[in-house]
Amino acid sequence: MEHIHDGDGSSSSGHQSLKSTAKWASSLENLLEDPEGVKRFREFLKKEFSEENVLFWLACEDFKKTEDKKQMQEKAKKIYMTFLSNKASSQVNVEGQSRLTEKILEEPHPLMFQKLQDQIFNLMKYDSYSRFLKSDLFLKHRRTEEEEEDPPDAQTAAKRASRIYNT
């Protein structure tokens, strides 16, 4: 009887903290809140030649938290030059970027890039994010996590125990 209790104890303790891959898989928001998740997602997007999307999104997040007017102007200009101008080195593909002229950069406000950021978020969410969850990069990371949590011999002991009690 004691043996069954052990099996229960070990399975419930595994649920205390969600594994990072489980968190990443639950939503793009969760993935983007985790620095390790962002790092893996960037690696994946680099292979897909669309890393600029997540970089733009992160730059906008940082921009929204900027309070100093001078800093805000500098960051706005940098975001515009890096991602939005037609000479941008890492141009993102958003509708309405042509309406964002350099003039707007003189009077920046925290939400000036919000619409564009939302477009890119949705592009990532419905496009690259779903592919990321099926990618080798993600699946390998998840396997590594699972192996760290259950050493192989503990796994087989648990399987043996469950076979004994299920019959």
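**Charged surface and aromatic pairs**

R143 sits in helix 8, and since what we have here is a predicted model, I will keep to what can be computed from its atoms. With a relative accessible area of 44%, R143 counts as partly exposed, and together with K47, K140 and R142 it forms a positive surface patch. Helix 8, which covers residues 136-149, supplies the largest share of that patch, namely three residues.

Let me turn to a point of backbone geometry. F49 lies in the loop that runs between helix 4 (35-47) and helix 5 (51-64), and it has a positive phi of about 60 degrees although it is not a glycine. In general, most residues other than glycine have a negative phi. The side of F49 that concerns the surface is simple to state: F49 is exposed, with a relative accessible area of 74%.

Now to the aromatic rings, of which the structure holds seven pairs. One of them joins F41 and F132 edge-to-face, at 5.2 Å centre to centre and with 70 degrees between the planes. Because F41 belongs to helix 4 and F132 to helix 7 (residues 114-134), this pair ties together parts that are 91 residues apart in sequence. Both F41 and F132 are buried.

The rings of F63 and F113 have centres 5.1 Å apart and planes at 65 degrees, so this pair is edge-to-face. F63 is in helix 5, while F113 is in the loop between helix 6 (69-84) and helix 7, so the pair ties together parts 50 residues apart in sequence. F63 and F113 are buried.

Finally, ring pairs link F41 and F132 with W24, F44 and F138 into a cluster.

Key: Residues are numbered from 1 along each chain as its sequence is written. This is a predicted model: local features need pLDDT of at least 70, side-chain atom pairs count only at pLDDT 80 or more; totals for chains, interfaces and linings use all residues. Side-chain values use heavy atoms; hydrogens and water are left out. Patches are made of residues with over 30% relative accessible area and no salt bridge: like charges are joined within 9 Å, nonpolar side chains (Val, Leu, Ile, Met, Phe, Trp, Tyr) within 5 Å. Accessible areas come from the Shrake-Rupley method with a 1.4 Å probe; for residues, only the protein chains shown count as cover. A salt bridge is a side-chain nitrogen of Lys or Arg within 4 Å of a carboxyl oxygen of Asp or Glu. Lys and Arg count as positive and Asp and Glu as negative; His and the chain ends are not counted. The place of a charge is taken as NZ of Lys, CZ of Arg, CG of Asp or CD of Glu. Helices (H or I, at least four residues) and strands (E, at least two) are DSSP runs, numbered from the N terminus. Buried means under 20% relative accessible area, exposed over 50%, partly exposed in between (1.4 Å probe, protein chains only). Rings of Phe, Tyr and Trp (its six-membered ring) pair if their centres lie within 6.5 Å; planes under 30 degrees apart count as stacked, over 60 as edge-to-face and the rest as tilted.
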